Amino acid sequence: MKNLVWMLITTVLLAAACATVPITGRKQMKMLPNATLNQMASQEYTKFLATHALSTDATKAAQVQRVGERIQKAVTNYFTAKKQTKYLAGYQWVFKLVEDPLVNAWCMPGGKVVVYTGLLPVSLNDDGLAVVMGHEIAHAIANHGNERMSQGLAEQAGGAALSVAVSNQSPATQNLFMKAYGVGANLGAMLPFSRLHESEADEMGLIFMAMAGYNPEEAVPFWQRMEKASSGQAPPEFLSTHPAHATRIARLTKVIPTAKAYAQKYPIK
């Protein structure tokens with residue numbers, strides 16, 4: 001009887017937590033308040049910056065800021081045109097460049113963006129950097145971390161205990177938060193979900209960068225450079241949360257015309 005009650009509670013919560021991803025229209029599980037995740041992101045972002053040195057290269061830092069702000073403007077313009085400005089409630093955008101040789105970048109909830117200096121030799125120019133920053137910002141806009149945390153917390157604590165788990169912000173919950181936003185990846189239940197997120201962020205990110213005035217065709221040579229940079233290091237596709245470079249390039253090539261159409265329909269002003 002108890003199991004039946006829990007099943008009914010979980011079913012009701014899942015139904016109530018159904019949300020829609022912008023642009024793609026995919027239905028997703030979104031059980032956590034954005035305000036809560038934005039607060040957690042702000043705390044974790046502050047911790048990260050306290051232990052990582054910001055780049056002292058003013059030119060490169062300005063490039064990250066410039067590209068980030070243009071994509072931010074494109075995202076805001078899109079939701080304004082769609083009369084959905086409330087979607088971005090609580091966003092306080094920050095764009096930082098940190099000294100780190102890793103080829104990496106990420107975006108936490110609420111627009112907390114970090115680019116690593118190791119990425120810049122691969123991105124090469126503003127268009128290449130926009131490919132990556134558009135992709136990472138798309139993860140946040142699509143609430144992918146919220147979706148992954150909702151799934152993880154539901155499995156760990158049960159639907160009715162979600163609010164308690166998040167409000168307590170236990171080490172386990174904080175660890176789940178960091179994994180949900182790109183720090184670490186595990187095989188298992190999350191793997192197919194993460195591949196879906198990567199594909200969705202590729203599509204949305206290409207659209208965002210095009211709306212920001214960058215050339216979406218740059219995505220192809222960027223990922224070719226990324227493939228060369230990671231040659232011999234990338235795991236097989238079935239063991240990775242990221243698509244193989246050839247798969248990604250083929251898919252992005254098909255999305256380029258769509259991205260250009262969005263750029264014409266929603267140009268930044």
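**The sheet and its surroundings**

A: In this predicted model, E3 and strand E5 (residues 112-116) pair in the parallel sense, over five bridges. Within this part of the sheet, Val94 stands opposite Lys112 in E5. In general, strands of a sheet pair through backbone hydrogen bonds, and the pairing is either parallel or antiparallel.

The sheet is open and has three strands, in the order E3-E5-E4, with mixed pairing. Strand E3 (94-98) and strand E4 (105-108) are at the edges, and each has a single partner strand, so one side of each is left without a neighbour in the sheet. From one strand to the next, the twist averages 15°.

Two helices lie across these strands. Helix H3 (residues 58-81) lies across E3 and E5 and runs at about 150° to E3. H5 lies across E3, E4 and E5, and runs at about 30° to E4.

Next comes the nonpolar core. The largest one has 53 residues, and the members that touch the most other members are Ile71, Val115, Met133, Ile137, Ile141 and Phe208. Helix H5 (residues 126-141) gives the most to this core, with nine residues.

Met133 can be followed in detail. Leaving aside its neighbours within four places in sequence, Met133 is in contact with Val64, Val67, Gly68 and Ile71, and also with Phe95, Val113 and Val115. There is also a second, separate core of eight residues, and among them are Ala41, Tyr45, Trp106 and Val114.

Key. Residues are numbered from 1 along each chain as its sequence is written. This is a predicted model: local features need pLDDT of at least 70, side-chain atom pairs count only at pLDDT 80 or more; totals for chains, interfaces and linings use all residues. Side-chain values use heavy atoms; hydrogens and water are left out. A nonpolar core is a set of buried Ala, Val, Leu, Ile, Met, Phe, Trp, Tyr and Cys residues joined through side-chain atoms within 4.5 Å. Buried means under 20% relative accessible area, exposed over 50%, partly exposed in between (1.4 Å probe, protein chains only). Helices (H or I, at least four residues) and strands (E, at least two) are DSSP runs, numbered from the N terminus. Contact means heavy atoms within 4.5 Å. Two strands pair if DSSP finds at least two bridges between them. Axes are lines fitted to C-alpha atoms, for helices over the stretch in contact, and angles run from 0 to 180 degrees between N-to-C directions.
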